[in-house]
Each structure stands twice: as structure tokens, then as C-alpha cells.
Amino acid sequence: MKMQKAPFQKNLFEWYQKNHRKLPFRESADPYHIWLSEIMAQQTTMSAVLPYYERFLRWFPSVQSVAEADEDDLLKLWQGLGYYSRVRAFHHACRQVMNEFDGKIPKTSGELKKLKGIGDYTAAAIASICFGEKMAVVDGNVRRVIARLYAFDGNPNTKSTKEFFELKSRQLLNQKNPGDHNQAMMELGAMVCRPKKPLCATCPVHSFCEVRIHDKVPENFPVKIKQDFIDVNYHSLIVRNGEKILLKKPSPDSLIKGMWELPSHYDERKSVDATWKKIFGATCDAGSHKKIGKIRHSITNKKIITHVYESNKPLPKAKGFVYHSWDRLDEIPLNTLSRKILTRFIY
Ligand code: SF4
């Protein structure tokens with residue numbers, strides 16, 4: 001069935017005008033605000049993003065302030081949001097804006113994509129929302145809405161499926177108001193055409209929706225392919241020395257690049273104790289620490305089972321490790337797994 005584009009756009013726009021969430025970056029046309037919000041919202045829920053967004057803007061209100069910042073300070077404010085490569089790329093891109101674009105964020109999607117960390121989606125979002133470029137955004141919410149509108153059941157991992165979503169989102173785009181249209185499509189996916197239990201009865205575009213018209217189950221669209229997770233064993237050690245705790249500084253083998261962490265290692269062929277000895281030297285004897293529990297944590301496609309140990313005495317100094325004050329842990333970017341362990345077993 002051919003989509004009636006104009007009435008579809010009208011219903012969507014009117015619904016959006018009345019119902020969209022009052023998010024701080026929606027009140028702004030500042031491309032820096034939109035850029036930051038889009039980068040933060042990747043792989044992250046809006047409720048998680050909001051406090052981070054507002055705090056980040058208080059500390060770093062402009063591209064220039066980010067460009068001049070230390071990476072450590074940016075990571076600290078990002079701590080807990082995950083996917084830290086986003087903030088490192090954002091840092092690099094802000095420096096590109098200052099050095100290569102005379103301090104001004106580019107206005108076209110083509111130029112925006114020259115900045116590190118900005119791909120098709122983010123470029124289309126900034127260019128359409130801030131500068132009115134006729135570019136359709138395709139994020140997870142938009143893909144879900146389109147898959148259901150067209151009852152599309154293709155394999156999500158193929159090039160032709162990607163092209164299908166791009167084509168349909170382009171065809172549906174309101175050329176007169178691309179920014180609001182894009183935001184409305186994303187909002188519809190987030191608020192109404194939700195992954196589970198979509199609100200079809202009150203959906204503003206239900207009369208155009210093939211899933212609804214043909215009485216199919218919306219949750220079956222788009223088709224999902226189960227992701228394979230790898231289970232890995234990890235070992236973390238809590239070592240106290242008075243008011244201080246032993247931490248490993250960021251290094252090339254850190255679990256999360258650029259972040260501090262508890263002394264930790266993956267399973268090696270050697271025994272766990274032999275590996276601690278390798279790290280801390282022969283005086284780190286097995287009798288000095290005991291296992292106190294385990295904790296589960298997921299990072300991208302890894303499910304990490306972390307075995308947590310506690311040492312009953314301080315360990316000798318080892319390269320790359322320092323004793324850090326308990327009450328100043330907030331001043332360093334400590335990875336989420338270590339923070340989770342300390343919260344569960346110590347605080
Ligand atoms: Fe999504 Fe239901 Fe609306 Fe179709 S009718 S677009 S499935 S919320």
C-alpha cells in the first residue's frame with residue numbers, strides 16, 4: 001500500500017507539537033547542545049543522559065572549553081555513562097572545530113562527518129535540527145517505526161535492509177521542516193512505538209501502519225538477531241592502606257581505555273595467585289588475600305564474571321599502581337566495574 005505522505009507528516013507533526021517531552025536540548029538551537037545531547041544519547045536512555053548532560057554543560061559550556069580540557073576531566077564527568085570512546089572522540093572533534101573550522105561547528109552534514117565520532121546519524125541530526133538541511137535521521141527509534149509502518153521483516157544485518165530504512169526515512173521526510181520531522185519520528189519511537197507494548201490505539205499514524213492494518217504483532221518488527229555474548233572470568237583485588245585504596249592508573253591494558261581501576265586481570269593460564277605475584281612481586285602471597293564474592297558486569301559483547309578478593313595487608317608498590325584516598329575517588333575517572341565492586345563490598 002502506498003503511504004499517503006502529506007497526511008502522515010501532518011498527523012505526526014501535530015502529535016509532536018502537543019506531546020513531546022520538554023527536554024533541555026529541545027529548547028535550544030545551539031549546535032553544540034544538540035551535538036552533545038546526540039553523542040550522549042547513543043546507546044543510552046534519555047533518563048540516564050539528562051543529569052549528565054546538564055552537569056557537563058555547567059562545566060564545559062562551549063566547544064572551546066572542551067577543546068581546552070584535560071581528557072581526565074571529561075572522563076570524570078562521563079563516568080557511569082559508558083562507551084567512553086564517545087567522549088574521547090568528542091574531545092578530539094572539538095579540537096578539530098577550533099583548529100580546522102575557525103571555532104565554528106560546520107553547518108552541513110558533509111562537513112560535520114569530517115569530525116571524529118560524527119557519523120551519518122549524528123551529522124543528519126545536527127544539520128537538520130540546527131541548520132534545516134533536508135537530511136533524514138535513521139536511529140534505532142526511527143528504524144523501529146519504519147519497520148512497523150511497512151511491516152518490514154528483512155534481516156537487520158544486511159546492506160539492503162540499511163538501504164531500505166534510509167530510503168523510507170528519506171521518502172517520509174517533511175522537506176519544509178526536516179528538523180522537527182526528524183525529532184518527531186525519534187520521539188514517536190521512544191514514546192509510542194516502543195520496543196515492547198507500543199501504544200497503537202493512540203498512535204497518531206496508526207492508520208498508515210501495515211503492522212496495525214494487517215493485525216501483526218508489532219514486537220516482531222524489526223526482526224531481531226540474537227547477539228552472541230562471550231563469558232569471561234576476571235579477577236579484582238581490594239587492597240587498603242589506612243584511608244587509601246590501591247588503584248591502577250590508566251594504561252594500554254586497562255579494561256576501559258583512559259580509566260582508573262582496581263588491580264585486576266583476566267584469567268591466565270597461570271593460577272590466579274601466580275598472576276597477582278607476577279603483578280606485585282613475590283611478597284604478594286596467596287595467604288594474604290581471600291575471595292569475598294563475585295559480581296557480574298556487561299561491556300559491549302562481553303559478560304564479565306568478576307571474582308573479587310580482598311587483601312588483609314597493604315601490598316608492595318608496583319609500577320603503575322598508587323594508593324589513592326578514599327574520599328577523593330570522585331576526582332578520578334574510575335571505571336564502572338571498579339566503582340560497582342567498591343559500592344557492593346566496601347561502602
Ligand atoms: Fe508503531 Fe503501533 Fe503506531 Fe504502528 S500503530 S507505528 S506499531 S505504535
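User: How do I read "buried" here, and how many residues does the chain have?

Analyst: Buried means under 20% relative accessible area, exposed over 50%, partly exposed in between, with a 1.4 Å probe and protein chains only. In this chain, buried residues make up 49% of the 347 residues. The model is predicted: local features need pLDDT of at least 70, side-chain atom pairs count only at pLDDT 80 or more, and totals for chains, interfaces and linings use all residues. Residues are numbered from 1 along each chain as its sequence is written, and side-chain values use heavy atoms, with hydrogens and water left out.

User: What is the secondary structure of the chain?

Analyst: Helices (H or I, at least four residues) and strands (E, at least two) are DSSP runs, numbered from the N terminus. The chain has 14 helices and seven strands.

User: Why is α2 described as largely enclosed?

Analyst: Count its buried residues. Helix α2 spans residues 31-41, and ten of its eleven residues are buried, so the rest of the structure largely encloses it. Among them are Tyr-32, Trp-35 and Glu-38.

User: Which helices do the buried residues of α2 pack against?

Analyst: Contact means heavy atoms within 4.5 Å. The partners are α3 (46-59), α4 (63-67), α5 (71-78), α6 (85-100), α8 (120-131) and α11 (178-191).

User: Which residues surround the ligand?

Analyst: A residue is near a molecule if one of its heavy atoms lies within 4 Å of it. The ligand is surrounded by Arg-148, Val-192, Cys-193, Pro-198, Cys-200, Cys-203, His-206, Cys-209 and Pro-218.

User: How many of the shell residues fall in each class?

Analyst: Ala, Val, Leu, Ile, Met, Phe, Trp, Tyr, Cys and Pro count as nonpolar, Asp, Glu, Lys and Arg as charged, and the others, Gly among them, as polar. The shell has seven nonpolar, one polar and one charged residues.

User: How many disulfides does a search of the whole structure find?

Analyst: A disulfide is a covalent bond between the sulfur atoms of two cysteines. The test is a pair of cysteine sulfur atoms within 2.5 Å. The search finds zero. For Cys-94, the nearest cysteine sulfur is that of Cys-130, 14 Å away. Cys-94 counts as buried because its relative accessibility is 0%. Cys-130 is buried too, at 16%.

User: Which backbone angles deserve a look?

Analyst: Start with omega. A cis peptide bond joins Phe-221 and Pro-222, with omega about -10 degrees. Pro-222 is in the loop between α12 (210-213) and β1 (230-238). Next, phi. Asp-102 has a positive phi near 60 degrees. Asp-102 lies in the loop between α6 and α7 (109-112). Lys-197 has a positive phi near 45 degrees, and sits in the loop between α11 and α12.
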